[in-house]
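Colleague: I would like to learn how to read a few features of a model. Please take them one at a time.

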Amino acid sequence: MADFSTHLVGATAICSFAAIVVAKALDLPGTETLALVAAGTAGGVLPDIDLERATPTRILFTVLGFVGALTWLFANVGRFGALELWAAGFALYLTIRWPLAWLFGKFTVHRGSLHSLVAAVMCGVLTTVFAWRVCGATPRLAWLAGGFGTFGYLVHLSLDEFYSVDFSGARIRRSFGTALKPLDLRRPWGSFAVVVVTLSGWFFTPPGADAITAAHTLHASLIDPRLRSELLLQRLAWPARPPGLP
Ligand SMILES: [Zn+2]
């Protein structure tokens, strides 16, 4: 199993490269690009909230509590007074750090339902809903953030499988195949909960029209060979030096 820092560095490195490619293809501003990196990195560490070991889980829920509280606070800074913002942000932090952490510790099993492809989709749906409903992101940015949440989650599951192979001894550990599975059939109730949360979350997602347009532009930039040279290569190229500059 890859450790916490491996997941953090791996997800940040891969998602920041992917975010730069998407930003170039869609002409995204810097703040939106950073939001995509943050969503991907969060997705890259989230699957291990099912860990039984105390320290990484404590760190993860402390960070999640801070990120959740600060995101809510900055998204609502114009709507509430200073004392209300502080009190609600602190209450949100406490809720994530203690009751939510306790719930996950009690009802999840490591490498169970949360280490599956359906859980990766759930992460994307919940990220989209959070970005749109809580942070006030545009539908396009919310869907892109959801895509990066799922992508980061998949990076995590892939790293777990990669670390299940002992290359020095040329053997495969018992944990191989327990991360990158479609659904955890050994724990039907846990898998059922993941599917229900995913489908319920879908009803709170923003309209998909902007996301479909963005997906078409990305597809045209990255896959369609006729347009790839026109769009991708131009946009990924270093900006040409303006005439007149030395
Ligand atoms: Zn894991």
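Modeller: D27 is exposed, with 8 other C-beta atoms within 10 Å; exposed means 12 or fewer such atoms, buried 20 or more, and partly exposed in between, with C-beta atoms placed from the backbone. This is a predicted model, in which local features need pLDDT of at least 70 and side-chain atom pairs count only at pLDDT 80 or more, while totals for chains, interfaces and linings use all residues. Residues are numbered from 1 along each chain as its sequence is written.

Colleague: Where does D27 lie?

Modeller: In the loop between α1 (4–26) and α2 (30–45); helices are DSSP runs of H or I with at least four residues, numbered from the N terminus. Phi of D27 is near 55°, a positive value in a residue other than glycine.

Colleague: How is the packing of two helices described?

Modeller: By the angle between their axes and the distance between the axes. Here α5 (residues 117–134) and α7 (residues 188–202) pack at about 30°, with axes 9 Å apart; axes are lines fitted to C-alpha atoms over the stretch in contact, and angles run from 0 to 180 degrees between N-to-C directions. The two helices are therefore roughly parallel, the term for angles under 35 degrees.

Colleague: Which residues of α5 and α7 make the contact?

Modeller: Among them are V118, M122 and V125 of α5 and V194, T198 and W202 of α7; contact means C-beta atoms, placed from the backbone, within 7 Å.

Colleague: How many residues of α6 are buried?

Modeller: Of its 24 residues, 20 are buried, so α6 is mostly covered.

Key: Parallel < 35°, antiparallel > 145°, perpendicular 65-115°, else oblique. Contact = placed C-beta atoms within 7 Å.
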